[in-house]
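Student: I would like to learn how to read a fold, step by step. Could you walk me through one?

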Amino acid sequence: MKVIGFNHASLIVSDLDASRRFYEGVLGLTPSDKRPRMPFDGVWYEIGAQQIHLLQVPNPDAGAERPEHGGLDRHVALNVADLAAIKRDLEQAGMSYSVSKSGRPALFCRDPDNNTFELIELPV
């Protein structure tokens, strides 16, 4: 077997509307119209050739304790063009974040269901 690429990450959410406010309003993602019919609510976001799938299904990890710093938790890493703008958007939305402890231009934040994201600034 040889892995030839990364396709998507699926994340469990409890309130699709609240999650969409984060993914679309804060992260600026656009829903994809390619999501097939499923027996549960959800939304897909395309990021280049990859996707994030939000699944509104029962969460087997609900109530699990998470580390305060997202870098010590399982997470999805996304590249961003302007980390300062992301910080402003998170602050305006009243969302907390922590700066990467590696010293590189990155931060960690969580969606409304505590799914963790690392946002890494890359020059465009």
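Tutor: Let's start with a definition: a contact means heavy atoms within 4.5 Å. Keep in mind that this is a predicted model. Among contacts in the protein between residues at least 6 apart in sequence, 56% join residues at least 24 apart.

Student: Which elements does the protein have, and what pattern do they follow along the sequence?

Tutor: There are two helices and seven strands. Read in sequence order, they give β-α-β-β-β-α-β-β-β.

Student: What share of the residues is buried?

Tutor: Buried means under 20% relative accessible area. In the protein, 37% of the 124 residues are buried. The accessible surface comes to about 7,900 Å², and carbon and sulfur atoms account for 51% of that.

Student: Which residues of strand 4 are on the covered face, and which on the uncovered one?

Tutor: First the general idea: in a regular strand the side chains alternate between the two faces of the sheet. In strand 4 (residues 75-80), Val76, Leu78 and Val80 form the covered face, while His75, Ala77 and Asn79 form the uncovered one.

Student: How many bridges join strand 4 to strand 7?

Tutor: Six, and the two strands run parallel, with strand 7 spanning residues 116-121. As one example, Ala77 has Glu118 in strand 7 as its bridge partner.

Definitions and conventions:
Residues are numbered from 1 along each chain as its sequence is written. This is a predicted model: local features need pLDDT of at least 70, side-chain atom pairs count only at pLDDT 80 or more; totals for chains, interfaces and linings use all residues. Side-chain values use heavy atoms; hydrogens and water are left out. Helices (H or I, at least four residues) and strands (E, at least two) are DSSP runs, numbered from the N terminus. Buried means under 20% relative accessible area, exposed over 50%, partly exposed in between (1.4 Å probe, protein chains only). Accessible areas come from the Shrake-Rupley method with a 1.4 Å probe; for residues, only the protein chains shown count as cover. Two strands pair if DSSP finds at least two bridges between them.
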